[in-house]
Structures are given as structure tokens and as C-alpha cells.
Amino acid sequence: MFRATRRRACAVVAAVIVAVLLSAVPALAHGFSSTVYVDLTSPGTGHVRARLGLEYDLLVVSAADAQKDDPLFRAGTAAFEAGDAARQGAALDAHAASVLAYVTGRFGVTAEGEACAPSQDGGYTIEQREGVPYAVLVLDYRCPEAAESHEVRSGLFPDSESYVRDSKTVVTYGLDLTSGSAALDSRHPSFSTHQSWAERFWEFFRLGAEHLLTGLDHILFLLALIAGSRRLREIVLAATTFTLAHSVTFILAALGLVRLPASFVEPVIALSIAVVAGWHLWRIWRRRSHATDLVPTGRGHFGLDTAGWTRLAVVFCFGLVHGLGFAAALGIDQAFSWTLLWSLLVFNVGIEVVQLAIIIAVFPLLALLRRRRPVAGLWTTGAVAAGVSVMGLVWFAQRVLGI
């Protein structure tokens, strides 16, 4: 009687976990968050050139809403749905005044406290970032010639669009005899070219930490690793393997040696979640009555059997792809992005700290449950793995089909 009740309770827990994971799907819909990419240079004294990359559909919606320009919304939306880059650029050019007013009202450069005057240089072009069309706008700012430092502010996205939760502006700059990078958001909307080393470090450390915390796919991948690890040694090896793998592709992406389209990277990340979670379910099925054993049967290096080493190899391969996803989030898609290299490393540190914090918070609880109540621990990790696997398969199908 007790055993049947416990099994029903575990089934309820599993159903709840799956329901919670599935409820997260809308939160990952396109437009939930956005990144603006800005490159600042100084062609001459008193002259700052800004090259802005803005997510096309959000720019159309935001500019049309802010400037009450319904024809822009209709033309821009039709071009977006058609996937026609030429039409997208033409729609922006036809309503350049509305778009320029929106952008310059929310992005600006000041020199020694005095606002620099912006003007548009050329028309709009469209490029792809992470499989999403981005509008490229070049602005020339005229500033006081005697300025020794510049301040940049950004309030681009979100505005009245309730489906946009947050926006970040990643800036690289070569101004005032210095170069560097910065990450801006609603809580930190501006920076100075004379900002301190500690300020730059904190910006990208925070950006990396927030990226992992808000990236449900990466968190679920980590939970799948935790659920499938029976001992501390196993999760340490798995997490280290994952870290090494995505750090490799981080560096290779920064050097311009590896570049894969988001249409490949994003589905593979989703598939990796399903595979790693399904691995634990397969091991439960294969071991059957011995599934609750905490001591592995393998006697090779690190006490891993053949299946354990195969799991690490799979984690490493998928970690390489996750690294490309992390690099894309920081805007590293151009060869030899040296200005962002230091920021990339700090961004990676932020990811690792949060990853370690999740392991410290979750794994000891599962380990204690497995030791005190082996069957309950098995059902719990099985329920987590099942929910994560289902979620990964749903995302994989969505990303392959472009839903």
C-alpha cells in the first residue's frame, strides 16, 4: 500500500515537473529579449562614428509605435514575414525619419557632458545574427573637439512591447586613445570611455551570469548532467568537460576560426538537452534492479565504466556547440574580435560561477535523497530527466521547423 502510494506521488511530481518545463516555452518565444550591437570609432577629432545593429522586427514595431507610423509597421512586418532582406531595408529607408527619431532619442553620445549631434550616414542594410535579421544603421556624431572622454547611453528596447522583457547593448569602442567594451541594460544604461577596470570586469561578469540564469536551455542541460551523476566525482568531471568544451569554441570563435549558423547551433543545443537527459533514463532502464546503486561497476580511470566515459565524450561534443551559443550571445561573430576577447573571458567566468552555484545548490540535495531514500531519489532524478528530455525534444522540433 505504502509503495503504491509513493509511486503515485512520484508520478504526480514528474507530471508537475513536465508541466512547469512546458509552461516555459512561451517565455522563450522570439522577442523575449534582445541584444543591440554597437561599434564606436573616431575617424577624426570631434567625430564619433557609431555602427548599430538592431533586431529588425523589434526596431520596426518600436519605431512605428513610438512615432505613430502605422505604414512603417505594415510595410516592415510584411517584409519580415516574407524574409526578404531587400524589402526590409527598403521599408526602413522609406520611413527613415521615424526610425532615426526613435534610435537617436534612445541612444546617444556625449563629450564632457555636452551632447554630440547625430546624423545618418547612408541607408539601412540587413544582416543575419543568430539566424535573426538585424538592421544596420551608421550614425555620425559631431562632438566638442577638446573632449578627453565620451559617455555612451542606451535605452533601446524594451518600450511599450510587453513581450520584450529585457534588452542589452554590447558596445565595442576605440575612442580617446583607448579601446574596450561595455554591456548596457536598463539598470546600467551608460558608461564612460574612462571607466575603471573593475567596472568593465563587473559589466561582463554580470552579463555572463545573467545569460546562464536566463538561458533556460543551458540550465536544463546542466540539470540533466546533475540528474545523471551518481557521485560528486561524476558531476565534477561532467561539469569540467562541459566547461573545457565551450571554452574551446569561445576562443576559436573569437579568433574567427569557427563559425556555424544559428540554424545549426540552436537545434543541436536543444537536441543535446534531450540526449543527455535521455542518457540517464536509458541507464535506469538498462540497470533495472541495480539502478539505485551508488557505486559504479567500472574500475577504469576515475572509477568510470565504458558508459561513463562515453557520456563524457558526448558532453564534450555538445559543449563545443554550447560554446558557439555563448559566443553568439556576446556578439562574437566576426573574425579576430580582439576588442571583445578580454570581455569574452570575463563573460565566461560569470557563466562558470553561476554553473558552480547551481551544482552546489542542487547536487547535495539529490545525493542526500539517493543515500537516505534510494528509490525516491531514483524516481526524482528520473522525473527530472524525463521532463528535461521532453522539453529538449520540443525545442528541437521548434527550432528545426522555425516555429
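How many bridges pair β3 and β4, and in which sense? I looked this up before anything else. I recorded that the model is a predicted one. In it, β3 and β4 pair over 2 bridges, in the antiparallel sense. I then located one of the partners: Ala111 has Glu114 of β4 as its bridge partner.

**Entry: the sheet**

I next followed the sheet from strand to strand. It is an open sheet of 4 strands, in the order β4-β3-β8-β11, with antiparallel pairing. I noted β4 (114–115) and β11 as the edge strands, since each of them pairs on one side only. As a general point, I wrote down that strands of a sheet pair through backbone hydrogen bonds, either parallel or antiparallel.

**Entry: strand β8**

I then turned to β8, which covers residues 150–154. Strand β3 (residues 107–111) pairs with β8 over 5 bridges, in the antiparallel sense. Strand β11 (residues 190–192) is joined to β8 by 3 bridges, and these two strands also run antiparallel.

Which residues of β8 lie on its covered face, and which on its uncovered one? I found His150, Val152 and Ser154 on the covered face, whereas Glu151 and Arg153 are on the uncovered one.

**Entry: helices α2 and α5**

I looked up how helix α2 (residues 56–67) and helix α5 (residues 96–106) pack. Their axes are 9 Å apart, and the packing angle is about 90°. An angle of 65 to 115 degrees counts as roughly perpendicular, so α2 is roughly perpendicular to α5. On the α2 side, I listed Leu59, Ser62, Ala63, Ala66 and Gln67 as making the contact. On the α5 side, the contact is made by Ser98, Val99, Ala101, Tyr102, Val103 and Arg106. By class, I recorded 7 nonpolar, 3 polar and 1 charged for the contact of α2 with α5.

**Entry: helices α6 and α7**

At what angle do the axes of α6 and α7 cross? I read off roughly 75° for helix α6 (residues 197–214) and helix α7 (residues 216–227), whose axes come within 5 Å. The two helices are therefore roughly perpendicular to each other. His211, Leu212, Leu213 and Thr214 of α6 make the contact with Leu216, His218 and Ile219 of α7. I counted the classes here as well: the contact of α6 with α7 has 4 nonpolar and 3 polar residues, and no charged ones.

Note on methods
Residues numbered from 1 in each chain as written. Predicted model: local features only at pLDDT ≥ 70, side-chain atom pairs only at ≥ 80, totals over all residues. Heavy atoms only, no water. Axes fitted to C-alpha atoms, helices over the stretch in contact; angles between N-to-C directions. Parallel < 35°, antiparallel > 145°, perpendicular 65-115°, else oblique. Contact = heavy atoms within 4.5 Å. Nonpolar A, V, L, I, M, F, W, Y, C, P; charged D, E, K, R; others polar. Buried < 20%, exposed > 50% of the residue type's maximum accessible area, 1.4 Å probe, protein only. Pairing = 2+ DSSP bridges.
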